[in-house]
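Q: I have a new structure open and have not looked at it before. Can you walk me through it?

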Amino acid sequence: MTSNQPSIAVAASSPDQDVYAARLAETLGCPLCSDEDESHALLLVKTDQRLELRESGKKAPGPVYIDFVSGKSAHRRRFGGGRGQPLARAIGLKQGRTPSVLDATAGLGRDAFVLASLGCEVRMVERSPVIAALLEDALLRAQDDPEVFIIVSRMKLLRGDAKEQLLALPQEAWPDVVYMDPMYPHREKSALVKKEMRTFRHWWGMMKIVPNCWKRPGRLHVTGLW
Ligand SMILES: C[S@@+](CC[C@H](N)C(=O)[O-])C[C@H]1O[C@@H](n2cnc3c(N)ncnc32)[C@H](O)[C@@H]1O
(Lines give C-alpha, C1' and ligand atoms only; values in the text may rest on other atoms or scores of the structure.)
Protein backbone atom coordinates (compact mmCIF):
# COMPACT_ATOMS: atom_id res chain seq x y z
CA MET A 1 0.00 0.00 0.00
CA THR A 2 1.26 3.48 -0.72
CA SER A 3 0.99 6.30 1.80
CA ASN A 4 -1.77 8.21 -0.02
CA GLN A 5 -4.17 5.31 0.35
CA PRO A 6 -6.45 5.24 3.37
CA SER A 7 -5.55 2.76 6.07
CA ILE A 8 -7.53 -0.43 5.96
CA ALA A 9 -7.90 -3.32 8.36
CA VAL A 10 -9.80 -6.60 8.38
CA ALA A 11 -12.26 -7.73 11.06
CA ALA A 12 -14.73 -10.51 11.77
CA SER A 13 -18.15 -9.69 13.14
CA SER A 14 -18.59 -13.06 14.82
CA PRO A 15 -16.24 -15.72 16.16
CA ASP A 16 -17.31 -18.05 13.32
CA GLN A 17 -15.62 -15.69 10.89
CA ASP A 18 -12.32 -15.30 12.74
CA VAL A 19 -10.38 -17.77 10.62
CA TYR A 20 -11.64 -16.27 7.37
CA ALA A 21 -10.76 -12.76 8.56
CA ALA A 22 -7.29 -13.79 9.73
CA ARG A 23 -6.53 -15.42 6.37
CA LEU A 24 -7.82 -12.43 4.45
CA ALA A 25 -5.77 -10.01 6.57
CA GLU A 26 -2.68 -12.07 5.84
CA THR A 27 -3.40 -12.22 2.12
CA LEU A 28 -3.97 -8.47 1.92
CA GLY A 29 -1.12 -7.62 4.27
CA CYS A 30 -3.52 -5.64 6.48
CA PRO A 31 -3.87 -5.58 10.26
CA LEU A 32 -6.60 -7.63 11.89
CA CYS A 33 -8.78 -5.77 14.39
CA SER A 34 -12.17 -5.70 16.08
CA ASP A 35 -15.16 -4.70 13.94
CA GLU A 36 -15.70 -1.81 16.34
CA ASP A 37 -12.24 -0.39 15.80
CA GLU A 38 -12.60 3.12 14.32
CA SER A 39 -8.91 3.86 13.99
CA HIS A 40 -8.70 2.79 10.35
CA ALA A 41 -10.31 4.72 7.51
CA LEU A 42 -11.73 1.54 6.05
CA LEU A 43 -12.66 -1.79 7.55
CA LEU A 44 -13.21 -4.94 5.55
CA VAL A 45 -15.60 -6.92 7.72
CA LYS A 46 -16.54 -10.58 7.34
CA THR A 47 -20.04 -11.02 8.72
CA ASP A 48 -22.01 -14.28 8.80
CA GLN A 49 -23.73 -13.15 5.59
CA ARG A 50 -20.99 -11.58 3.47
CA LEU A 51 -17.79 -9.60 3.17
CA GLU A 52 -18.36 -5.86 3.34
CA LEU A 53 -16.33 -2.68 3.25
CA ARG A 54 -17.16 -0.11 5.90
CA GLU A 55 -15.98 3.44 6.15
CA SER A 56 -15.20 4.79 9.62
CA GLY A 57 -16.54 8.01 11.04
CA LYS A 58 -19.85 9.57 11.99
CA LYS A 59 -20.79 10.57 8.45
CA ALA A 60 -19.79 7.26 6.94
CA PRO A 61 -22.15 5.81 4.34
CA GLY A 62 -23.48 2.30 4.75
CA PRO A 63 -21.36 -0.74 3.94
CA VAL A 64 -20.37 -1.63 0.41
CA TYR A 65 -20.72 -5.23 -0.66
CA ILE A 66 -21.50 -7.04 -3.86
CA ASP A 67 -24.70 -8.98 -4.32
CA PHE A 68 -25.39 -10.73 -7.61
CA VAL A 69 -28.54 -12.46 -6.37
CA SER A 70 -30.87 -9.73 -5.11
CA GLY A 71 -31.27 -5.97 -5.28
CA LYS A 72 -30.09 -4.07 -8.34
CA SER A 73 -28.46 -7.06 -10.01
CA ALA A 74 -31.66 -9.09 -9.86
CA HIS A 75 -33.67 -6.15 -11.15
CA ARG A 76 -31.28 -5.49 -14.01
CA ARG A 77 -31.22 -9.21 -14.87
CA ARG A 78 -35.02 -9.29 -15.15
CA PHE A 79 -35.80 -5.88 -16.60
CA GLY A 80 -32.46 -4.57 -17.91
CA GLY A 81 -33.28 -4.42 -21.61
CA GLY A 82 -31.52 -7.59 -22.76
CA ARG A 83 -29.34 -7.41 -25.84
CA GLY A 84 -30.68 -3.99 -26.78
CA GLN A 85 -29.19 -2.18 -23.78
CA PRO A 86 -26.21 0.15 -24.37
CA LEU A 87 -23.72 -2.14 -22.66
CA ALA A 88 -24.71 -5.07 -24.87
CA ARG A 89 -24.48 -2.90 -27.97
CA ALA A 90 -21.06 -1.57 -26.88
CA ILE A 91 -19.54 -5.03 -26.92
CA GLY A 92 -21.28 -6.00 -30.15
CA LEU A 93 -23.76 -8.47 -28.74
CA LYS A 94 -26.05 -9.24 -31.62
CA GLN A 95 -28.36 -12.05 -32.47
CA GLY A 96 -26.20 -15.08 -33.17
CA ARG A 97 -23.01 -13.49 -31.86
CA THR A 98 -22.01 -13.72 -28.23
CA PRO A 99 -18.41 -12.54 -27.87
CA SER A 100 -16.13 -13.60 -25.07
CA VAL A 101 -15.19 -10.58 -22.97
CA LEU A 102 -12.33 -9.49 -20.81
CA ASP A 103 -13.68 -6.87 -18.44
CA ALA A 104 -10.47 -4.96 -17.79
CA THR A 105 -11.94 -2.91 -14.95
CA ALA A 106 -14.16 -5.32 -13.04
CA GLY A 107 -14.96 -3.06 -10.06
CA LEU A 108 -18.17 -4.16 -8.40
CA GLY A 109 -18.79 -6.62 -11.24
CA ARG A 110 -22.08 -5.10 -12.31
CA ASP A 111 -21.27 -4.83 -16.00
CA ALA A 112 -19.63 -8.25 -16.00
CA PHE A 113 -22.73 -9.73 -14.42
CA VAL A 114 -25.00 -8.18 -17.06
CA LEU A 115 -22.81 -9.51 -19.86
CA ALA A 116 -22.67 -12.97 -18.28
CA SER A 117 -26.44 -12.95 -17.85
CA LEU A 118 -26.68 -12.28 -21.61
CA GLY A 119 -24.60 -15.39 -22.27
CA CYS A 120 -21.04 -14.03 -22.54
CA GLU A 121 -18.06 -15.77 -21.02
CA VAL A 122 -16.50 -12.96 -19.00
CA ARG A 123 -13.04 -12.76 -17.50
CA MET A 124 -13.04 -9.96 -14.98
CA VAL A 125 -9.74 -8.35 -14.06
CA GLU A 126 -9.47 -6.32 -10.88
CA ARG A 127 -6.25 -4.79 -9.65
CA SER A 128 -7.45 -3.67 -6.24
CA PRO A 129 -6.99 -6.64 -3.87
CA VAL A 130 -9.77 -5.28 -1.63
CA ILE A 131 -12.30 -5.07 -4.43
CA ALA A 132 -11.18 -8.45 -5.75
CA ALA A 133 -11.90 -9.90 -2.28
CA LEU A 134 -15.42 -8.42 -2.38
CA LEU A 135 -15.94 -9.88 -5.85
CA GLU A 136 -14.71 -13.31 -4.85
CA ASP A 137 -17.04 -13.33 -1.86
CA ALA A 138 -20.03 -12.35 -4.03
CA LEU A 139 -19.24 -14.98 -6.67
CA LEU A 140 -19.06 -17.67 -3.98
CA ARG A 141 -22.36 -16.64 -2.40
CA ALA A 142 -24.08 -16.51 -5.78
CA GLN A 143 -23.24 -20.16 -6.39
CA ASP A 144 -25.90 -21.10 -3.82
CA ASP A 145 -28.67 -19.60 -5.91
CA PRO A 146 -30.04 -22.06 -8.49
CA GLU A 147 -30.85 -19.34 -11.06
CA VAL A 148 -27.79 -17.16 -10.63
CA PHE A 149 -25.36 -20.05 -10.34
CA ILE A 150 -25.43 -20.60 -14.09
CA ILE A 151 -24.64 -16.94 -14.74
CA VAL A 152 -21.72 -16.65 -12.34
CA SER A 153 -20.26 -19.88 -13.73
CA ARG A 154 -19.49 -17.75 -16.84
CA MET A 155 -17.57 -15.19 -14.73
CA LYS A 156 -13.93 -15.76 -13.87
CA LEU A 157 -12.02 -13.42 -11.61
CA LEU A 158 -8.41 -12.57 -12.39
CA ARG A 159 -6.42 -10.44 -9.99
CA GLY A 160 -3.89 -7.83 -11.01
CA ASP A 161 -3.36 -5.41 -13.85
CA ALA A 162 -5.61 -6.11 -16.82
CA LYS A 163 -3.03 -5.33 -19.45
CA GLU A 164 -0.53 -7.68 -17.84
CA GLN A 165 -3.16 -10.38 -17.52
CA LEU A 166 -4.14 -10.00 -21.16
CA LEU A 167 -0.60 -10.04 -22.47
CA ALA A 168 0.16 -13.12 -20.36
CA LEU A 169 -2.50 -15.08 -22.22
CA PRO A 170 -1.59 -17.04 -25.35
CA GLN A 171 -3.19 -15.34 -28.34
CA GLU A 172 -5.60 -18.22 -28.92
CA ALA A 173 -7.01 -17.59 -25.44
CA TRP A 174 -7.57 -13.88 -26.01
CA PRO A 175 -11.13 -12.65 -25.66
CA ASP A 176 -13.09 -11.27 -28.59
CA VAL A 177 -13.63 -7.99 -26.77
CA VAL A 178 -11.87 -6.03 -24.06
CA TYR A 179 -14.32 -3.88 -22.17
CA MET A 180 -13.21 -0.96 -20.01
CA ASP A 181 -15.04 1.25 -17.58
CA PRO A 182 -12.13 2.88 -15.82
CA MET A 183 -13.64 5.57 -13.67
CA TYR A 184 -16.60 6.21 -11.48
CA PRO A 185 -17.95 9.67 -12.20
CA HIS A 186 -16.64 12.32 -9.89
CA ARG A 187 -19.99 14.02 -9.73
CA GLU A 188 -23.41 12.56 -9.93
CA LYS A 189 -26.14 14.52 -11.65
CA SER A 190 -27.91 14.80 -8.33
CA ALA A 191 -26.14 16.29 -5.34
CA LEU A 192 -26.32 12.96 -3.60
CA VAL A 193 -23.19 10.91 -4.19
CA LYS A 194 -23.84 7.21 -4.04
CA LYS A 195 -22.36 5.59 -0.98
CA GLU A 196 -20.27 3.04 -2.84
CA MET A 197 -18.81 5.69 -5.09
CA ARG A 198 -17.74 7.68 -2.08
CA THR A 199 -16.07 4.75 -0.46
CA PHE A 200 -14.38 3.41 -3.54
CA ARG A 201 -13.13 6.75 -4.79
CA HIS A 202 -11.61 7.18 -1.40
CA TRP A 203 -9.80 3.91 -1.88
CA TRP A 204 -8.40 3.91 -5.35
CA GLY A 205 -8.27 7.52 -6.44
CA MET A 206 -7.64 8.41 -10.03
CA MET A 207 -6.86 5.68 -12.50
CA LYS A 208 -5.18 6.03 -15.82
CA ILE A 209 -5.65 3.67 -18.67
CA VAL A 210 -4.56 4.39 -22.20
CA PRO A 211 -6.93 2.39 -24.38
CA ASN A 212 -4.83 2.76 -27.53
CA CYS A 213 -1.95 0.71 -26.27
CA TRP A 214 -4.25 -2.26 -25.91
CA LYS A 215 -5.22 -2.45 -29.53
CA ARG A 216 -4.20 -5.40 -31.63
CA PRO A 217 -5.43 -4.72 -35.18
CA GLY A 218 -7.85 -7.29 -36.44
CA ARG A 219 -7.83 -9.32 -33.29
CA LEU A 220 -9.19 -7.43 -30.34
CA HIS A 221 -12.02 -5.02 -30.11
CA VAL A 222 -11.56 -2.55 -27.27
CA THR A 223 -14.67 -0.86 -26.10
CA GLY A 224 -16.30 0.93 -23.22
CA LEU A 225 -19.20 3.16 -22.33
CA TRP A 226 -17.33 6.33 -21.51
C1 LIG B 1 -15.37 2.24 -12.45
S2 LIG B 1 -14.83 0.77 -11.74
C3 LIG B 1 -15.59 -0.40 -12.80
C4 LIG B 1 -17.04 -0.64 -12.48
C5 LIG B 1 -17.57 -1.86 -13.15
N6 LIG B 1 -17.68 -1.67 -14.60
C7 LIG B 1 -18.89 -2.28 -12.58
O8 LIG B 1 -19.81 -2.52 -13.37
O9 LIG B 1 -19.00 -2.40 -11.35
C10 LIG B 1 -13.15 0.66 -12.21
C11 LIG B 1 -12.41 -0.53 -11.59
O12 LIG B 1 -11.31 -0.84 -12.42
C13 LIG B 1 -10.20 -1.20 -11.64
N14 LIG B 1 -9.03 -0.97 -12.47
C15 LIG B 1 -8.57 0.22 -12.92
N16 LIG B 1 -7.50 0.05 -13.69
C17 LIG B 1 -7.27 -1.28 -13.76
C18 LIG B 1 -6.29 -2.07 -14.43
N19 LIG B 1 -5.34 -1.52 -15.17
N20 LIG B 1 -6.36 -3.41 -14.29
C21 LIG B 1 -7.32 -3.97 -13.53
N22 LIG B 1 -8.27 -3.27 -12.87
C23 LIG B 1 -8.24 -1.94 -12.98
C24 LIG B 1 -10.31 -0.33 -10.42
O25 LIG B 1 -9.62 -0.87 -9.31
C26 LIG B 1 -11.83 -0.29 -10.22
O27 LIG B 1 -12.24 -1.31 -9.34
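**Strands, helices and core**

A: In strand 4, Glu55 is the bridge partner of Leu42. Keep in mind that this is a predicted model.

Q: How many bridges pair strand 3 and strand 4, and in which sense?
A: Five bridges, in the antiparallel sense. The two strands are joined by a hairpin that passes through four residues.

Q: Is strand 4 mostly covered or mostly open?
A: Mostly covered: of its five residues, four are buried.

Q: Which order do the four strands of the open sheet take?
A: The order is 2-1-3-4, with mixed pairing. Strand 2 and strand 4 (51–55) are the edge strands, and each of them pairs on one side only. On average, neighbouring strands in this sheet are turned by 35 degrees against each other, ignoring direction.

Q: What holds strands of a sheet together in general?
A: Backbone hydrogen bonds, in either a parallel or an antiparallel pairing.

Q: And how do strand 1 and strand 2 run?
A: They run parallel, joined by three bridges. Ala12 has Ser34 in strand 2 as its bridge partner. Helix 1 packs on this sheet and touches strand 1, strand 2 and strand 3. The direction of helix 1 makes about 165 degrees with that of strand 1.

Q: Which residues of helix 1 are buried?
A: In helix 1 (residues 18–28), the buried residues are Ala21, Leu24 and Ala25. They sit on the same side of the helix, because they cover an arc of only 100 degrees around its axis.

Q: What is on the other side of helix 1?
A: Val19, Glu26 and Thr27, which are exposed there.

Q: What covers the buried residues of helix 1?
A: The cover includes strand 1 (8–12), strand 2 (32–34), strand 3 (42–46) and helix 5 (129–142).

Q: Which residue follows helix 1?
A: Gly29, with a positive phi near 70 degrees.

Q: Helix 5 came up just now. Which strands does helix 5 lie across?
A: Strand 1, strand 3 and strand 4. Helix 5 runs at about 140 degrees to strand 4.

Q: Let's move to the core. Which residues touch the most other members of the largest nonpolar core?
A: Leu44, Leu115, Ala116, Met124, Leu134 and Leu135, out of 57 residues in that core. Helix 5 gives the largest share of this core, nine residues. At least three residues come from each of domain 1 (8–55) and domain 2 (71–224).

Q: Pick Leu134. What is Leu134 in contact with, leaving aside its neighbours within four places in sequence?
A: Leu51, Leu53, Tyr65 and Ile66.

Q: New topic: where is Val125?
A: Val125 is in strand 6 (residues 122–126).

Q: Why does Val125 count as buried?
A: Because Val125 has 24 C-beta neighbours inside 10 Å, and the cut-off for buried is 20 or more.

Q: What is Val125 in contact with, sequence neighbours within four places aside?
A: Leu102, Asp103, Ala104, Ala106, Leu158, Gly160, Ala162 and Gln165. Take Leu158 from that list: Val125 and Leu158 are 33 residues apart along the chain, and their C-alpha atoms are separated by 4.7 Å.

Q: Which way do the residues of strand 8 point?
A: In strand 8 (residues 177–180), Val177 and Tyr179 point one way, while Val178 and Met180 point the other way. All of them are buried.

Q: Where is Leu108?
A: In the loop between strand 5 and helix 4 (110–117).

Q: Why does Leu108 count as buried?
A: Because 22 C-beta neighbours lie inside 10 Å of Leu108. Leu108 and Tyr65 are 43 residues apart along the chain, with 8.2 Å separating their C-alpha atoms.

Q: Back to the whole chain. How many helices and strands does the protein chain have?
A: Eight helices and nine strands. The protein chain has 226 residues, and 33% of them count as buried.

Q: And what share of the contacts with a separation of 6 or more comes from residues 24 or more positions apart?
A: In the protein chain, 62%.

Conventions: Residues are numbered from 1 along each chain as its sequence is written. This is a predicted model: local features need pLDDT of at least 70, side-chain atom pairs count only at pLDDT 80 or more; totals for chains, interfaces and linings use all residues. A residue is buried if 20 or more other C-beta atoms lie within 10 Å of its own, exposed if 12 or fewer, and partly exposed in between; C-beta atoms are placed from the backbone. Two residues are in contact if their C-beta atoms, placed from the backbone, lie within 7 Å. The arc is that of the directions from the helix axis to the C-beta atoms. A nonpolar core is a set of buried Ala, Val, Leu, Ile, Met, Phe, Trp, Tyr and Cys residues joined through C-beta atoms within 7 Å. Domain bounds come from an automatic or database domain assignment. Two strands pair if DSSP finds at least two bridges between them. Axes are lines fitted to C-alpha atoms, for helices over the stretch in contact, and angles run from 0 to 180 degrees between N-to-C directions.
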